[in-house]
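Thanks for coming, everyone. Please bring up the structure on your screens, and we'll walk through it together.

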Amino acid sequence: MILFDRVTKLYANQERPALDEVSLEIEKGEFIFLVGPSGSGKSTFLRLVLREERPTKGQVWVAGKELNRLSNWKIPGLRRQIGTVFQDFRLLPNKSVAENVAFALEVIGKPASHIRKVVPEVLEVVGLEGKEERRPDELSGGEQQRVAIARAFVNRPILLLADEPTGNLDPGTSVGIMKLLDRINQLGTTVVMSTHDQAIVDQMRRRVIELEGGHVVRDQSRGVYGYAR
Amino acid sequence: MRANFVASEVSSGVRRNLTMTMAVIITVAVSLGLFGASMLVRAQVSTMKDFWYDKVEVSIFLCGKGSDTPSCAGGPVTGAQRDQIKADLESLKPLVDKVYYESQAEAFARFQEQFKNSPIVDNVKPTALPESFRVKLSDPTKYDVVASAFAGRPGIEQVNDQRKILDKFFQLLGGLQLIALLIALSMLVVTVLLIVNTMRVAAFSRRRETSIMRLVGASNFYIQLPFLLEAAVAAGIGAILAVVGLVFVKIIVIDQVLAPSFQFTTFVGWDAVLAIAPLMILVGVGLAAIAAFFTLRKYLRV
C-alpha cells in the first residue's frame, strides 16, 4: 500500500533532513502507529504520502503509483483514495454535520442522489445518527472528530491517514475514536495513525513504527509505545 | 459538475466579500467607461475627419491690386495667367476632382454673407478680396502636389490648404483622446490590482474550505472555479454598467446636447457604440482573467 524507498526530505533553509534515507513498507489492510517525539518526521511522512511534499531523494509509492512520476493533474485522484483526519478536526463551522460530510463529496462532483444515500450511512457508521443537523460548535470534541472521520471515510478510501486524532481528546473519548478507527480498519481500509498517546498504543498492540530525528529507530509488529524503561 | 453547489459557493463568497466586490464593480465600471469614452472620442475624430476632409478644398488665391508677395511683383493676375492656371489644374485630373473659379465679386458676396452681422463688412470693398480658384482634391492628403506645382508662380499670391487648419483641431482632439486613453489604461491597471487583492482576500477567508477541498481530492478547477466566477461576475457587472454609461452618453450628451448645438458637423452614430461595447466587455473579461491567472497561480496551488 505504501512503500518508502530510501526517502530523504530536506526542507529549504534547514540543515538536518526531516526524513533521512527512510525505507519501509506498509501492507494493505494494516493498522500502523507512527510514534516519536515532535520533529521526528511523522508529519513529513504523512505529507509525503499525500503528495503535499515531494521527497528530496528516493521514491514514495502509494497504491501502486510512484508519486514523483505522478503528474499534477492526477494528484486529486490520488487524494480521493486517501482519507485524512487531524488533531484539530478541520470542520467547517458554518455547515451542519451532514453538510460537512456532504461537502467532501460535492467538491469532487458526486451526484446529489449519491450524496443523499451515503451521508446517512457513514454517519451511522461513526455513531452520529440523529445529529445530522447540528453545527460543529454544538458537538463535543469526540463527536467533532467523528464528523471528521465520517468525512474522511465517506468516499471509502483505501488508506486513512490520522495525524494525532486523539491529541485534543480526553482518554475516555479517545477510546471511542480508536474503536471507530479499528472498525474502519476491519472494513478493509489501511490506517496510518501518528500519535503521542502511549496508553492507546500499548492497548491496541498493532504494528508500531518509531521515528527519531528522521530515522526509523524501531519497526515492531504488535508493539507498544516505547521500550520498557 | 454540481452547478447548484458552485452557484451557492459563489453567492456566499460575494456576500462575504461584499465591500470588496462593490469596489471591484465600481472600478471596473469607471475604468472601462473611460476606456469606452476614449474609444468614442477616437470614433468621433474619424467621423469628423471623413465629414470635413470631404468638404475641404485647396484655395489658390490670385494676385490682386494690393498683393505684395514676390510672385505678384508683376501686378494683378493677367487673363492669360489665369487661363494657364486653370488649364494646368485641369491637367492634374484625376487628383484634382473639381475646379471652380471665384471672382472678386463672388468672394465679396460670400464675405458679406459670412460676416453679415459684423460692422467689418462696411469697411471692405469688393476689390480688397482676391479672386481665387477653389480646388477639390480626390485625395485631400496629396495637397503637396498641388502646392508645389502652383505656389510661387507668377500671378498666384498664395496656395492655402484648409486641411491644415482642420488638422490642428484634430490634433487637439487626438491629444485629448490619448490622455483619456492613458488615464483609462492606468485605471485598468488599478482595476487588475484591485481584483488580485480581492481574490487574495477571498482566498484567505476561504482557506479552510480550500484546504479541505484539496485534502479530499477536489480538482484544481473545482477549487478555483468559485473564485474565477466571483471575479467574472464582478467584472461582468462592472462592464455592463460601463456599457450602460456609454449608451447614456450617446443618447443624452451626444444626441440631445451636442448634436443640436453643433449642427455644422456630424457626430458618431450607433454603429460606433455597437463596435465599442463588445470591446469594453472583452477588455473587462480579459482584466478579470489576467488578475485571476496571477492570483490563483500564487495562492491556490494544489
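Start with a salt bridge: the side chains of E52(A) and R214(B) meet at 3.0 Å, N to O. By salt bridge I mean a side-chain nitrogen of Lys or Arg within 4 Å of a carboxyl oxygen of Asp or Glu. The count between chain A and chain B is one.

A word on the source. This is a predicted model, where local features need pLDDT of at least 70 and side-chain atom pairs count only at pLDDT 80 or more, while totals for chains, interfaces and linings use all residues. Residues are numbered from 1 along each chain as its sequence is written, chains are lettered from A and ligands numbered from 1 in the order in which they are written, and side-chain values use heavy atoms, with hydrogens and water left out.

Back to the interface. Chain A brings 26 residues to the contact and chain B brings 15 residues; contact means heavy atoms within 4.5 Å. About 1,800 Å² is buried between the two chains, and carbon and sulfur atoms give 61% of that. Which residues of chain A lose the most area to chain B? They are R79(A), F103(A) and V107(A), together 30% of what that side buries. Buried area here is the accessible area (1.4 Å probe) that two parts lose on being put together, summed over both.

Now the sheets. Helices (H or I, at least four residues) and strands (E, at least two) are DSSP runs, numbered from the N terminus. Two strands pair if DSSP finds at least two bridges between them.

Chain A has an open, antiparallel sheet of four strands, ordered β2-β1-β4-β5. Its edges are β2 (19–26) and β5 (65–66) of chain A, each pairing on one side only. Inside that sheet, β1(A) and β4(A) are joined by five bridges. D5(A) stands opposite Q59(A) in β4(A).

Chain B also has an open sheet of four strands, in the order β2-β3-β1-β4, with antiparallel pairing. From one strand to the next, the twist averages 15°. Axes are lines fitted to C-alpha atoms, for helices over the stretch in contact, and angles run from 0 to 180 degrees between N-to-C directions. Helix α4 (residues 104–114) of chain B lies across β2 and β3 of chain B, at about 90° to β2(B).

Last, helix α8 (residues 220–261) of chain B. α8(B) bends by about 40° at I254(B). That bend is the angle between axes fitted to the seven residues ending there and the seven starting there.
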